[in-house]
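This report describes some of the helix packing and side-chain contacts in one protein model. Please keep the sequence and the structure at hand while reading.

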Amino acid sequence: MAAFEALWADHLLDLQEALRNRAYTPGGYSHFYVREPKRRKISAAPFRDRVVHRALCRVIEPCFEGRFIADSYANRAARGTHRAVDRLQRFARRYRYVLRLDIVKHFPSIDHALLLGELSRAPLDEGILDLCARIIASGAGVLDEEASPGYFPGDDLFAALRPRGLPIGNLTSQFWSNVYLNPLDQFIKRELRCTAYLRYVDDMALFSDSKRELGCWNKAVAQRLQRLRLRVHESSAQAARVSAGIPWLGFVVYPTHRLLKARMARKGRTRLARTWDDYRTGRISFAELDAAIKGWVNHLKYADTWGLRRQVFETTNTVAG
């Protein structure tokens with residue numbers, strides 16, 4: 001840990017010098033794919049760049065935190081997935097219908113010029129904005145094969161050449177996603193006057209007692225997203241009764257209870273069995289095994305999963321024996 005802190009301090013000095021003379025140039029990315037919950041291309045920046053990303057976020061986050069709505073839950077302190085699930089269920093207990101929306105190829109589609117425009121509205125000095133622009137530009141083309149460039153009202157033939165895309169592996173990308181979608185959040189809360197709305201990255205949920213009202217909001221959100229050069233998945237953008245259960249962040253949430261998605265249960269069992277095997281063959285310590293089990297149980301306790309937990313531990317005890 002001491003060695004890491006020393007390395008962190010050295011790179012912070014590098015960052016300060018780079019900001020003074022604007023000589024910082026991001027390095028190249030290493031790419032790999034993950035397939036849970038869906039196939040995604042992850043781009044890992046060099047260690048030096050990751051230090052820069054973290055330091056930059058520490059500087060600029062306070063400038064934006066007060067601008068964000070309270071019910072934006074991704075990549076923010078004191079929020080996260082479990083709080084988002086809690087909030088969703090509270091809304092489900094108060095309203096009859098929900099409209100769930102998600103954005104088509106969100107990170108590959110983020111437009112660089114529009115993002116820089118949003119960043120420039122905050123009280124950031126010129127050097128910080130220049131650094132943001134360098135990091136954003138380093139992601140141009142990284143995700144081009146993940147999504148085709150779209151055309152929107154008012155576009156000319158050159159619109160397809162607009163730089164777009166944020167590498168999913170960057171800490172800055174996660175934060176800038178909130179910056180980019182903040183105008184949409186404000187539109188839904190202030191102009192549509194939807195008081196029961198929350199967002200986690202590009203997953204959105206709007207609640208109402210009127211199915212017709214949700215239908216109108218659906219169209220309005222889709223039109224507003226065009227200003228951000230984004231589109232929603234129209235096939236899944238349908239108002240539904242909350243009593244039917246709301247798929248949300250790995251759970252199915254009902255007004256009275258929650259269930260873990262079957263896919264997540266299978267994934268958890270597989271991971272736990274692999275962890276047991278690693279422990280029994282000496283590849284990990286008991287402390288690592290204990291941490292893995294506690295992490296899994298901590299996640300499960302946010303749903304009605306007593307039967308699943310008992311089944312998992314019975315299986316684990318059999319394997320252990």
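Which side chain makes a polar contact with the side chain of asparagine 170? The partner is tyrosine 29, at 3.0 Å; a polar contact is a pair of N or O atoms within 3.5 Å, where within protein one must be able to donate a hydrogen and the other to accept it, and residues adjacent in sequence count only if both atoms are side-chain atoms.

The model is predicted, so local features need pLDDT of at least 70 and side-chain atom pairs count only at pLDDT 80 or more, while totals for chains, interfaces and linings use all residues. Residues are numbered from 1 along each chain as its sequence is written, and side-chain values use heavy atoms, with hydrogens and water left out.

Asparagine 170 sits in the loop between H6 and H7; helices are DSSP runs (H or I, at least four residues), numbered from the N terminus. Histidine 53 belongs to helix H2. Both are listed below with their relative accessible area, where buried means under 20% (1.4 Å probe, protein chains only).

| Residue | Relative accessible area | Class |
|---|---|---|
| Histidine 53 | 3% | buried |
| Asparagine 170 | 2% | buried |

Contact here means heavy atoms within 4.5 Å. Beyond four places in sequence, asparagine 170 is in contact with Tyr29, Ser43, Ala45, His53 and Ile135. The C-alpha atoms of histidine 53 and threonine 172 are 5.8 Å apart, although 119 residues separate the two in sequence.

**H2 against H6**

The axes of H2 and H6 come within 11 Å and cross at roughly 135°. These axes are lines fitted to C-alpha atoms over the stretch in contact, with angles from 0 to 180 degrees between N-to-C directions. H2 and H6 are therefore oblique to each other. On the H2 side the contact is made by Val52, His53, Leu56, Val59 and Ile60, and on the H6 side by Ile128, Leu131, Cys132 and Ile135.

**Helix H5**

In helix H5 (residues 112-120), the buried residues are His112, Leu115, Glu118 and Leu119. They lie on the same side of H5, because they cover an arc of only 125° around the axis, taken from the directions from the helix axis to the C-beta atoms. Their cover includes helix H2 (47-65), helix H6 (126-138) and helix H7 (171-191). At the start of H5, a side-chain oxygen of aspartate 111 comes to within 3.2 Å of the backbone nitrogen of alanine 113.

How values were computed
Buried means under 20% relative accessible area, exposed over 50%, partly exposed in between (1.4 Å probe, protein chains only). Helices (H or I, at least four residues) and strands (E, at least two) are DSSP runs, numbered from the N terminus. Angles under 35 degrees count as roughly parallel, over 145 as roughly antiparallel, 65 to 115 as roughly perpendicular and the rest as oblique.
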